[in-house]
Amino acid sequence: MTRILREDIILGRRVPGSRLIERDIAAELEVSRLPVREAIRTLVAEGVVIARPRSWAVVREFTQRDIRDFAEVRESIETLVFVFAAERHDAEGIARLRDVYERELAAAQTGDAEAARLAAGEFHGVATVLADNDMLCEMIDVFATRLRWLFGQHDDLLAMAEEHRVILEAIAARDVEAVRRIVPQHLAIGQLMAERRLASSDITI
């Protein structure tokens, strides 16, 4: 249940500011209200849902300040993740990362935006596993959903897949210097896309 609601938010099926009404979601998904309630609590903890006392929970509305703040944290942490992935991966790990990239590319080529975006997020998730650092994993888990929502709704699917291909090849080659150069550029593009998307919307808080 949590995964379904999380993906609905990340992929824009439930837009910022929209109400999350337990009984309506339970009826829509043909489940009881309890798992819906628990899912909403989890998403509140993940920072993408706001609980309003004596009212409905709503999908969080982010600001340009949110994007800038998260981007600053993201650059430091995710660059380190990809550096460690380049240094510590094994053949099985690279094969897994390549499989995710190939799924992202295939989805991008067919115009399947949802599948491409989910695979793009998974690419970063697999890199975190390859980094093999429990502390980093814990830190990223705190804000992973917010990052996926803010920076994962890119429109140029093929360009994003190409950026991931370049990162993949640098990791596979254990080219740490290339990773240190490429990853911040990649993340900056994601930040710019998020800022433009927010600026063109009516989202305010």
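**Exercise 1.** Work out whether A131 is buried or exposed in this predicted model.

*Solution.* Start with the cut-offs: buried means under 20% relative accessible area, exposed over 50%, and partly exposed in between (1.4 Å probe, protein chains only). A131 has a relative accessible area of 1%, so A131 is buried. Now look at what A131 touches, taking contact as heavy atoms within 4.5 Å. Skipping residues up to four places away in sequence, the list is V81, F84, A85 and R88. Pick F84 from that list: A131 and F84 are 47 residues apart in sequence, yet their C-alpha atoms are 4.6 Å apart in space.

A word on the ground rules: residues are numbered from 1 along each chain as its sequence is written. The model is predicted, so local features need pLDDT of at least 70 and side-chain atom pairs count only at pLDDT 80 or more, while totals for chains, interfaces and linings use all residues, and side-chain values use heavy atoms, with hydrogens and water left out.

**Exercise 2.** Step along to D132 and decide: buried or exposed?

*Solution.* D132 is found in the loop between α6 and α7 (134–151). Its relative accessible area is 58%, so D132 is exposed.

**Exercise 3.** Do the burial check for D8, then find which residues D8 is in contact with.

*Solution.* D8 belongs to helix α1, residues 2–10. At 8% relative accessibility, D8 counts as buried. Leaving out neighbours within four places in sequence, D8 is in contact with R13 and R14.

Key. Helices (H or I, at least four residues) and strands (E, at least two) are DSSP runs, numbered from the N terminus.
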